[in-house]
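Here are some notes to read beside the model.

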Amino acid sequence: MDPERRRAWWLRLLPAAFRRRFGDDLADAVHDLRVAARASGGRRAEFRYLAREARDLMSLARTGRGAPAVPWRGLVGDVRWGVRMAVRRPGWTATAVLTIAGAVATLTTAQGVASAVLWRPLPFANASRLVLVWEGAPGPGASPEAFRVTGARFADWRDDTHAFASLALFGAAAFPLETDDGVQNVRGARVSGAYFQTLGIGPVLGRVLLPEDERPGAERVVVLSYEFWQSAFGGRRDVIGRLIRLGGEPSRIVGVMPRAVYPAWPVNPAVVTIDADARQLWVPLANPSTIELNGRAHVFGVVGRLRGSTTMAQAQAELDARAGSGIDRHGARVRPLRNEIVGAVRLPLLVLLVSSIAVLLVAGANLAALEVAQFDARRDEFATRMALGAGAARLARQIAVETGMLAAAGAVVGIPVAGAALARLPGWLPAAFPMMTTPALHGGTLAAGAGAAALLAVSVAAWPVWRLWRGGTVRPVTARARATASRVLIAAQVSVTTALVVAAALLVTSLTHVRAQQAGFTMARVLVASVSLPEDRYRDPSSTASVDAGLVEAVAARADVAGAAFAYDTPLTANWIEWVTIVGAPADPSDRHRQAQLRIVSPGYFRVLQVRVLDGRTFTTSEGLGAQGVAVVNAAFERANGASIGRRLRIGAARATWGAAAPDSFVVIGEVADERFRGLDQPSQPAVYVSTRQFPLLDGMLIAVARQGEPDALAPEVRAAVRRVEARATFDHARPLAGILADQLAPRRITARVVTAFSAGALALALLGVYGLLRLLVVERRREIGIRIALGAPPGRVARGILVEACAIAGGGVAAGLVIAVAAGRALDAWLFGVSSANPALLTSVAAALLAASVAAALPPARRAARTDPVAAMRNS
Amino acid sequence: MPPGPVDSLPLTVPVFQILLALADAPRHGYAIIREIEERTDGEVRLTASTLYGAVARMLEAGLIEELEPKRGRERRRPYRIAPAGRALARREAARLARAAAWARGKRLLSRTPGGE
């Protein structure tokens, strides 16, 4: 047999005798017609032909006869019939359309958000070639594994490696911007000249920053973000060429960038922070040549575009090979740009997507079960139609058209609702959410919605179409077949609901455990605000140290303030990682180089934030610039490096900033309890604290604790106090410390809430299903129940029988659901905190609760069964 | 509607067109489809399933006959119109001509063939 015929599997659809006689010729004719169609009209014509042929083939298969030449004439009639039937059953129609609309809207929204963040193309050219490159710690298991890059290392990578077509630096920048309303603190990024070219994105107005802008003596330029352009300049197109005063110097606006998520604020460990504030403008690096000589300040992020077909592994290997020796023995970590930015929300989004699919499945099973229950009641309707000449096949087609219309109606309601939700969503999510592209009803999302509607249509139509197709005529469905189908559908709903409830329970438990973690510092009534001092006024360390002290005193003196402190960063946003040398001592002769968080805090910090002192003491106001450097370490530092009180530490950062006036050698005088630095679910890292009296700060976080009431109310007073000490200080982003924590917990919290809502909805549907099914069973078996009661069976036993049946159905569903939950739960384990997905106690409680709920749902029908009047039951049957 | 006997008037479109196609020469299945498509200018396009379904019934009713395929490249079975089929086609054509004459009498159809 030649290949063409071997492929004609579809001939098997035809009756055997016909196939033997005409099969070969028919296959040949189909082949020739395909070729002719393709030749005359391309793939579309071929596809259209195949659709017609398939339709006629199915018709031939059913009846052994050809279809009439114009079969679509009936479709309009089918639609009209469908509308009439829908109007005749308004309750069912409304339920079906609303259920479909709800499930479609849910799934479409979930898919829209997920694809906007995870899958839709980024506005950068060839975004899959973009990577972020960090410096990597030498050993495995080092903490942190990856961290910010120095200028010198960047220059080395750029000049002497081949893996990248282009590399660019980016680092945090904050400027006082002089506006008509005073000085406003504006945050942005300072970037190397090739930044926008590496990313591969062009401006909305003007031009992007270029390597020429980095040249010494070049005019100071700045590029604005779209949001900043809109808010500060009203979106006016004449901003290009205007001068603005940033940090006391005029800068010329040369461009405006489109809306996107740009890598902007790198923080340690190796994370790019996203929030609207950090993306307001871009300036070229000042002094790139100096920066590229600095091998100590780990403050930058690096974005790169891989060359040609180089893989990330190859790039990483090439960079690792260039790792130096000694303290500088760092390799590299090369990671995809998108993953780096969205990593933390990938799993929550997938959880939400899968949960919405689960809701869809439960809705589908629910509607299908309703159809099964109603099928017998519709037999009269079917019989009428067949008397009017419709064959069973035609009838099946009419039902398909009816349910198709229901699904279409549900989609027409649900998809626009999803569209509206997607449009509003960015406003509801926290600013730190990486919304990589704008969520909208794009191709994939619309397809998901249409697919959901189609799936629901199939599940509703499945039973009636199947019965008709099989039967040929409308034979009465055996009670057993219907009962089995109903039980399976209800059990399926219960199983998916069980899995959802388990997921919700796990997420809520995780969230509770995280919240219960000891932070190591207090957050009650704590306000934090970002304060910047004007650089031109405070050029030497001693005046800076005294204004730092002045600020704290002024704020603490306010009547409503219980305590104040000044620190480089809040504990929840700590991100300065330094190499610290533990100088050798008689008991431990060699120097050891270790990494630790560097926390620069005012002397009263520990008292104000209630950080517990475990050993020794903390800073006093007398340890100043001229005195011996002192440091405090945390418990994690001692765990990692041994008892430290009395040891000497060499830390270069203060001297690097302030010169010889600042100490570079610090004696450890105390140990404090761990503060959680990167969210409550991350373990504490080793940290070294130094005093602001010995390492003065020009920028930092002012911390104020309110005596009573909400910390927000303090903000105006604190701002006024700060301004009284230094009129040109900027004071921004005042918010409660608890608010920062809430933002960090947002992914967990939102996911837990949404999945709980989904599981509540699914539970309601499933319990309704149980109730409905049992009620139907009781009604059907009235006669039998009546006889049993008449023969003396105690009503209690009859009721119990119903409840047992409910238990059996629900029990099967719950068991299947637990299996699904355990299997799927493994994917969730990495994210759960303090609870594992295979937790027997939790699984048992969920199972018990669901069984109890199912039994409760079965109580009304059971009671009705027990109260059956035997005489009436037997008479009415 | 379930199809009536294949040899009762009015003929279905596929049956009549197949008889027309075979009226001047025997042809095999694909050739019949092409001839009908070209002759009717694309107005009637049969699928292979429709064709062979009709052919099966027409063979059964003796309207057409099967021929042995020629040796060589062409292995498909050609069909030839039978006297009964020719007679039936004539009767159908006459019926259609009468219908056209009635329509013309009522000024629904112009005298020129093929159109309004």
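1. D32(A) is buried, at 17% relative accessibility; buried means under 20% relative accessible area, exposed over 50%, and partly exposed in between, with a 1.4 Å probe and protein chains only. Its partner in a salt bridge is R76(B), with N to O at 2.5 Å. Because D32(A) lies in helix 2 (residues 16-63) of chain A and R76(B) in the loop between strand 2 (64-66) and strand 3 (78-81) of chain B, the pair joins two chains. R76(B) is buried too, with a relative accessible area of 13%.

2. The model is predicted: local features need pLDDT of at least 70, side-chain atom pairs count only at pLDDT 80 or more, and totals for chains, interfaces and linings use all residues. Side-chain values use heavy atoms, without hydrogens and water, residues are numbered from 1 along each chain as its sequence is written, and chains are lettered from A and ligands numbered from 1 in the order in which they are written.

3. A salt bridge here is a side-chain nitrogen of Lys or Arg within 4 Å of a carboxyl oxygen of Asp or Glu. By this rule there are 32 salt bridges over all chains. One network of salt bridges links R21(A), E66(B) and R77(B).

4. Which residue forms a salt bridge with R245(A)? The partner is E178(A), and the closest N and O atoms are 3.4 Å apart. R245(A) lies in strand 7 (residues 243-246) of chain A and E178(A) in strand 3 (residues 164-179) of chain A, so the pair ties together parts 67 residues apart in sequence. R245(A) is partly exposed at 38% relative accessibility, and E178(A) is partly exposed at 39%.

5. E675(A) and R599(A) form a salt bridge at 2.7 Å, N to O. E675(A) lies in the loop between strand 21 (665-672) and strand 22 (687-691) of chain A and R599(A) in strand 17 (residues 592-601) of chain A, so this pair ties together parts 76 residues apart in sequence. Both residues, E675(A) and R599(A), are buried.

6. Chain A as a whole has 24 helices and 24 strands; these are DSSP runs, helices being H or I of at least four residues and strands E of at least two, numbered from the N terminus. Of its 877 residues, 52% count as buried. The C-alpha atoms of chain A fill a box of roughly 105 × 80 × 55 Å along the principal axes.
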